[in-house]
Each structure stands twice: as structure tokens, then as C-alpha cells.
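Biologist: I would like to learn how the words used for a protein structure follow from the numbers behind them. Could you walk me through it?

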Amino acid sequence: MMKLKTAIKAVLIAGTVGIALTAAGCGGNKSDSAKGASGSGGKKIVKVAHTPHYFPYDFVDDNNKSDGMEVAVMKEVAKKLPQYEFQFVPTSDDDLLIGVESGKYDIGTKGAWKTPAREKKYIFPKNNIAASVIGVTIRKEDANTIKNLDDFAKSGKKLVPIAPQNAQYQVIEDYNAAHPDHPVKLEASENFQVADAYTWVLEGRYDGYFSIELAYKKNVEAPDAPYKDFKDKLSYFRYKAIPTYTVINKNDKELAEQVDKALGELKQEGKIAELENKYFGEEVSKLIDVK
């Protein structure tokens, strides 16, 4: 598997996605061709914005090339849509979302989850592009008795607060709606990012931190993880995988239909499963319906 640039350090992931991002040097810059203009051979240019540091979903490799699971899938989509010229633009998380909404970019990929608020701003293809595994970080001493979210909820354990604008908040609300007899104790946080979450769990202030598995691996298990000293004191269990999608500008309906069709074909052909195994080491989409 490819490695991150040596200059990139793991940071806490929060939000729909994801890892806290800094803008890449080329982030937010428009290409030489204006949006909607023709590229080589008279093809319509499609600008695909992606985050630059969200390994292994979307990143810029050591040769300054766009790479990652979702980028690789979109490059396969481009092969199926030869009438377009796809241009990949690394940029910050905020610029990607604002840019796709405004029309600066046609498509954005950032490990995004589908939420009601986002569906008002973007077109989501019916077919997902990948998936992210989500679960709970707990104290290792609780690992023998708490093996899943049902155990966590039934034992009355309390999660680190989640910001309502964070897509993870909706996941827990959905769980609670489906399990009214044993809901997870959920508090709203004012901050989107919770920098002290792991410490709070160890101190007993809270009993679990709901985050994507990639965050735990980057922040606790990796050799250079910022919380590597907590590795022997914390444990993580999976809840399920959440589908991730491309977000498409509301005015690009025809493009959205064609991208969706291409994604469906790639799924049927086994190409997406092949790329998941390449970038994640497993076919994470199989976990989408697993609780």
C-alpha cells in the first residue's frame, strides 16, 4: 500500500469524514480552462475536487499526483465517460464543499457521507463510491464486556459529545430511533472537533469516542501516532460501515446520471471491490449492512 508523504502527520478525524485538513499548495486553484469549457478534442472538462491528505481515500502522492481509493474509482469512471475530460484538483475540505455547491467544481470526493442537510446542496449518486468503517474507542478494561454498540448502550455508557453538524451525530440518532429501549447516551457538542476525546475516555469523563476506524488507527495505533502512549489502554470495536459518496453540483444532473451509471457498472464488474482490497486491505463495502 502506498505511504503518506513524510511531512504529513496524523491528526484527529472528525466530521463526515474525516481527518482535519490543511489546504494543499495547489488547493483551490482553478485549472487553465474555465468551468464548462472544452478540453482536448473538444471534450467538456469535468473538475473533480478531492482532499489532499485523507489517506487512503484521497491524497496527493510523492510524485504530486492525485491518488487514493476514491480518486482511483473516479479515474475508472472517467474511462467509461470518454466524452468528458476529468481534471483532478486537490484542495481543502471547505473549498471542496463550497466549490461544488457554487459550481467551481463539478464533483467532489472526500469520504463524504450522505445526510439530509447535504442532500439539499448536492446531488448524490445512487451508487456509493466506497465506505468508511465507524465504531467506538473504549477503555481496554471494558473490552471484555463491551463488544458492540448494543453492549455499550445497554450498560449505560456515555459517548464523548458529538457536534450536531457532524454526520456521526445522525448515525447515533438513527441508532437510538431504532433502539428506543436502550438508546446511546448522546450529548451535543459545540465543537466539530474534539481534540481531547481519547484523554476524556481514559480519565473516565466519558466511556467511548465514536469515530471512524481510520482515525483510531492513525491517532493511536500507528508508530508515529499522537496518542501512541494510549495504545495499551484503549480498545476499539466496529459498529458498521457507512457508504461514502461523491457530491455533485446541483446543475450537473446529466453528469450525475452518467457517473451513477458508471459507478454501478464498476460495482458489478468487481472493480470497486478490487480497489478496496488494494487501498484498504479488505472489501469494506461488505460491512455496510453489518451492525
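Modeller: What follows is a set of questions and answers about this structure, which is a predicted model.

Biologist: Let's begin with the whole chain. How many helices and strands does the protein chain have?

Modeller: The protein chain has nine helices and 12 strands. It holds 291 residues, and 55% of them count as buried. The accessible surface comes to about 13500 Å², with 46% of that belonging to carbon and sulfur atoms.

Biologist: And what share of the contacts with a separation of 6 or more comes from residues 24 or more positions apart?

Modeller: Such residues account for 74% of those contacts in the protein chain.

Biologist: Now a single residue. Why is lysine 75 called partly exposed?

Modeller: Its relative accessible area is 35%. Buried means under 20% and exposed means over 50%, so a value in between is called partly exposed. Lysine 75 therefore gets the label partly exposed. You can find lysine 75 in helix H1, which covers residues 69-80.

Biologist: Which residues does lysine 75 touch, leaving out those up to four places away in sequence?

Modeller: Lysine 75 touches Ser66 and Phe88. As for valine 48, which is 27 residues apart from lysine 75 along the chain, the two C-alpha atoms are separated by 9.9 Å.

Biologist: What makes H1 mostly covered?

Modeller: Nine of the 12 residues of H1 are buried. Among them are Met69, Val71, Val73 and Val77.

Biologist: Why is the pair of glutamate 76 and lysine 79 called a salt bridge?

Modeller: The closest N and O atoms of glutamate 76 and lysine 79 are 3.2 Å apart. A salt bridge needs a side-chain nitrogen of Lys or Arg within 4 Å of a carboxyl oxygen of Asp or Glu. The pair therefore meets the rule. Glutamate 76 and lysine 79 are three residues apart in helix H1, so about one helical turn separates them.

Biologist: What about a salt bridge that links distant parts of the chain? Which residues form it?

Modeller: Lysine 158 and glutamate 187 meet in a salt bridge, at 4.0 Å from N to O. The pair is 29 residues apart, with lysine 158 in the loop between helix H4 and helix H5, and glutamate 187 in the loop between H5 and helix H6. In the whole structure, a search finds 17 salt bridges.

Biologist: How do you know that the buried residues of H9 line one face of the helix?

Modeller: The buried residues of H9 are Ile272, Ala273, Leu275, Glu276, Tyr279 and Phe280. Seen down the axis of H9, they fall within an arc of 160°, so they line one face. These residues pack against strand S6, H1, strand S10 and helix H8.

Biologist: S6 is a strand, so one last topic. What makes S4 and S6 the edges of their sheet?

Modeller: Three strands form an open sheet in the order S4-S5-S6, with antiparallel pairing. S4 and S6 each have a single partner strand, so one side of each is left without a neighbour in the sheet. Two bridges join S4 to S5, and histidine 53 stands opposite phenylalanine 59 in S5.

Key
Residues are numbered from 1 along each chain as its sequence is written. This is a predicted model: local features need pLDDT of at least 70, side-chain atom pairs count only at pLDDT 80 or more; totals for chains, interfaces and linings use all residues. Side-chain values use heavy atoms; hydrogens and water are left out. Helices (H or I, at least four residues) and strands (E, at least two) are DSSP runs, numbered from the N terminus. Buried means under 20% relative accessible area, exposed over 50%, partly exposed in between (1.4 Å probe, protein chains only). Contact means heavy atoms within 4.5 Å. Accessible areas come from the Shrake-Rupley method with a 1.4 Å probe; for residues, only the protein chains shown count as cover. The arc is that of the directions from the helix axis to the C-beta atoms. Two strands pair if DSSP finds at least two bridges between them.
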